[in-house]
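Biologist: Please go through this model with me. I will ask what stands behind each label.

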Amino acid sequence: MPIKEPLQDPREEARADIREFLSTRRARITPEQAGLPTYGGDRRRVAGLRREEVAMLAGVSPQYYVRLERGDATGISDSIVDGVARALQLSTAERAHLLDLLRTAGTPPRAQRRKPATPKRIRPTVQRLIDSMHDAPVVVMNGRLDIVASNALGRALFSPVFEDQAGIPNSALFVFLSPDAQQFFREWEIVANDTVAILRAEAGRDPQDRDLSDLVGQLSTRSDDFRRRWAAHDVRIHATGVKHFHHPVVGDIALPYESLPLEAGSSSNLVGYTAEPDSPAQDALALLASWAASQSLQAPLPGQTVASPDRSSTTPDRP
């Protein structure tokens with residue numbers, strides 16, 4: 001699929017995304033999965049449900065659904081969205097994404113206000129909080145997957161990501177553009193799919209985020225893997241799971257994680273990793289913490305700044 005040039009009117013881009021999103025959701029559901037009868041002579045030119053079948057399942061007229069799939073967001077009620085979500089078997093994340101697209105497509109340009117750039121800093125209190133978590137790797141990521149904060153063990157765990165990029169590291173750039181990514185993430189395919197799904201959902205929530213648009217453009221231009229996944233229009237919610245790493249210092253390590261929003265409505269999430277008690281993963285984290293401590297005595301960890309000592313209050317040695 002060719003890369004679309006950014007459109008000046010966010011409504012037009014949202015309408016295009018509605019068309020592609022609904023058509024890809026429709027194509028993945030067979031009549032059998034939707035509970036519809038099939039007949040031996042029923043030959044379909046394309047995979048999935050027909051538009052009139054979705055309309056019937058959603059309880060709307062075929063003409064109305066055709067208009068919706070063409071991106072016409074006029075007068076869409078919650079009940080219609082619920083009907084379409086049931087018919088297409090949308091997940092919670094997919095339903096929220098559809099609502100985001102419909103809201104943008106139906107909002108007049110004058111009512112659309114450009115939001116501030118994606119936050120790249122956190123409150124000092126949050127930084128002090130995660131610094132106090134000595135036994136768990138913690139990172140904070142914003143909606144475009146910049147790692148905007150971390151504790152010492154988080155920097156140690158993600159040291160390949162910090163070392164790969166100058167300044168504020170971006171997880172998506174590492175996943176798709178770094179030659180080390182497929183070795184660092186043992187389940188790279190899953191990580192790649194999840195990364196794109198997060199960015200796709202964020203693009204629906206905030207279509208006027210210029211930093212995010214630039215990131216997607218850069219990845220689309222430089223990575224066939226990213227471009228193919230972006231065209232799939234998949235979105236997901238990632239609140240918990242297990243991530244498998246191959247770390248250059250401690251080797252293979254599998255860590256459960258929890259992702260918590262920093263505040264209501266925020267796209268920035270605090271992601272903490274833990275290990276089961278008395279497990280190999282706990283031993284690996286202890287080794288990683290020891291390595292991080294030794295590194296901090298010699299040089300700052302990637303992404304870490306060390307203040308110069310204040311020599312004004314020192315007393316010189318007496319002869």
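**Burial, contacts and cores**

Modeller: Leu-288 lies in helix H14 (residues 280–298); helices are DSSP runs of H or I with at least four residues, strands are E runs of at least two, and both are numbered from the N terminus. This is a predicted model, where local features need pLDDT of at least 70, side-chain atom pairs count only at pLDDT 80 or more, and totals for chains, interfaces and linings use all residues. Residues are numbered from 1 along each chain as its sequence is written, and side-chain values use heavy atoms, with hydrogens and water left out.

Biologist: Why is Leu-288 called buried?

Modeller: Buried means under 20% relative accessible area, exposed over 50%, and partly exposed in between (1.4 Å probe, protein chains only). Leu-288 has 0% relative accessibility, so Leu-288 counts as buried.

Biologist: What does Leu-288 touch, leaving out residues up to four places away in sequence?

Modeller: Contact means heavy atoms within 4.5 Å. On that basis Leu-288 touches Leu-153, Ala-156, Leu-157, His-247 and Val-250. The C-alpha atoms of Leu-288 and Val-250 are separated by 6.5 Å, and the two residues are 38 residues apart along the chain.

Biologist: What makes a set of residues a nonpolar core?

Modeller: Its members are buried Ala, Val, Leu, Ile, Met, Phe, Trp, Tyr and Cys residues joined through side-chain atoms within 4.5 Å. The largest such core has 41 residues, and Phe-158, Leu-199 and Phe-245 have the most contacts inside it. A second, separate core has 29 residues, including Leu-22 and Ala-201.

Biologist: Which residues of helix H4 are buried?

Modeller: In H4 (residues 78–87) they are Ile-80, Val-81, Gly-83, Val-84, Ala-85 and Ala-87. Their cover includes helices H1 (10–27), H2 (51–58), H3 (62–69) and H5 (92–105).
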